[in-house]
Amino acid sequence: MEKIKSLAKSILYYSRYYHLISFWHDLTHPEGKLIILAYHNISDESSHPFKLRPEISTQQLELQLEILKKSYQVVSLEEGIKFLKRGKELKDKLAAITFDDSYESFYTFAFPLLKKYNFPATVFLPTDFINSQRIFWWDELHQVIAYAVPSGESASVLIPVIGEKLAKQFNEAEKDFKRREQFLESLEFYLKNIEEGLRQEKIERLKELLLTEHNVKLAKLRNLDWNQIAEMSREGISFGSHTCSHLNLKFASLEKAREELTKSKEIIEEKIKARVISFAYPFEADFETHLRVGPILINLKYECACAGWMGVNLSNFDPFFLRRMTLPMSTWKLLIVRELLLC
Ligand SMILES: [Zn+2]
C-alpha cells in the first residue's frame, strides 16, 4: 500500500499536477495566488567545487530574482498571506522568497543579492545549528559518498546497513560520478524516512565502512551566527522556526514537537527582538503530521507553516499547510520563465 501511495505521489509530482490545478483555478477564481519559492544552500560556484552540496549558484539565483522583478510583486511571506486572505483586491502575481536551514551562505551570497533587488525574504532557522560548526546529516553523507573508496565487497558489507537494493545500487555506481549522485539521492530519501537515532547509527556505520583513514577529513559546515541574523533582521529579513534540531516531526512525540517549537521560537525572538510567526517543517509534513502538529503551532501563536509540498497557494489555501516551489537551477532564462508562466 505504501509503495502504491509513493508511486502515485511521484507520478503526480513529476507530471507537475499543480500546474493543472493552478490553471483550473485561474479559470474559475481569478482573484490571485501566491508562489513561495524555497531555497537552501547557495554557493559562489568557485568556492565549493564538490564537498558540500550547493543547491543553487549566485549566478542562477540572480537570474531568478531578475525574472521575478519583471513579472511578480515580491512580498514578505507574512504580507503574501495577508494579501491572499483578502483575495479579490489582488491584482499582481505574488511571490515570497524563503530559505531553509542555517547555511552561512545565505548571509554571504543571498543577502547581498536580495538587498540589491530590494526583496524581502524569510529564513527558517534550526536554532541548535546557529553559532556552531554542526553539520547537517545530508551534507555529511554527501561527503562520505563522495570520498568512498571503491572495493569489490562494498555491496555485501552495506546490505545490513542500507538493504540489498541500495547496496547493489552503490556497487554499480562506485566508479561513475553521475550514478553516485543518483545513488546519493536514493540513500537520502531512505534515511530521511527513518527514525533519527537509527539514521545517525547508519551514517556512522557508513563512515566506518566506506572511508579509509587517509581520506577522512570531512569538511565542517559554516552556519550563521546570531550577529549576522540580528543584522539581517534589522535590514528587513524575517526569521521563522525550523525546529531546534531539524528533526522529522513525523517521528516525534507531541511533547518533543511542542518542546522544539516553543524553544526555537523563544530563542529567535529573544535574539532578533521581533515576533516569530512562521514555521517550516523540516523535510516534509504529511497530512497526518499536519493534523497532529497544527494545533500546537496555533497554540504557540504561529500564524503559518510551510509543509514541504510542491505547489502554489490559491485563495482556498490553509496557512498551516503552505505549498512551496523551486525553480530550475539553471542559467537558461527560458526554462525559468516557462516554469513561472505555467504556475
Ligand atoms: Zn531544512
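At what angle do helix 6 and helix 9 pack, and how far apart are their axes? The model is a predicted one. In it, helix 6, residues 137-147, packs against helix 9, residues 196-210, at about 20 degrees, and the axes are 10 Å apart. Angles under 35 degrees count as roughly parallel, so helix 6 is roughly parallel to helix 9. Their crossing is left-handed. Helix 6 contributes Trp137, Glu140, Leu141 and Val144 to the contact, while helix 9 contributes Arg199, Ile203, Leu206, Lys207 and Leu210. By class, these residues are six nonpolar and three charged, with no polar ones.

A second pair is formed by helix 11, residues 254-272, and helix 12, residues 287-299, whose axes come within 10 Å and cross at roughly 40 degrees. That angle makes helix 11 oblique to helix 12. The crossing of this pair is right-handed. On helix 11 the contact involves Leu254, Ala257, Arg258 and Leu261; on helix 12 it involves Arg292, Val293, Ile296 and Leu297. Here the classes are six nonpolar, no polar and two charged.

The nonpolar cores come next. In soluble globular proteins, nonpolar side chains tend to be buried together. The largest nonpolar core has 64 residues, and the members touching the most others are Ile36, Phe106 and Ala305. Beyond its neighbours within four places in sequence, Phe106 is in contact with Ile42, Phe99, Phe111, Val123 and Leu224.

Note on methods. Residues numbered from 1 in each chain as written. Predicted model: local features only at pLDDT ≥ 70, side-chain atom pairs only at ≥ 80, totals over all residues. Core = buried A, V, L, I, M, F, W, Y, C linked by C-beta atoms within 7 Å. Buried ≥ 20, exposed ≤ 12 C-beta atoms within 10 Å, placed from the backbone. Contact = placed C-beta atoms within 7 Å. Axes fitted to C-alpha atoms, helices over the stretch in contact; angles between N-to-C directions. Helix = DSSP H or I, 4+ residues; strand = E, 2+ residues; numbered from the N terminus. Parallel < 35°, antiparallel > 145°, perpendicular 65-115°, else oblique. Left-handed = near helix turned anticlockwise from the far one by under 90°. Nonpolar A, V, L, I, M, F, W, Y, C, P; charged D, E, K, R; others polar.
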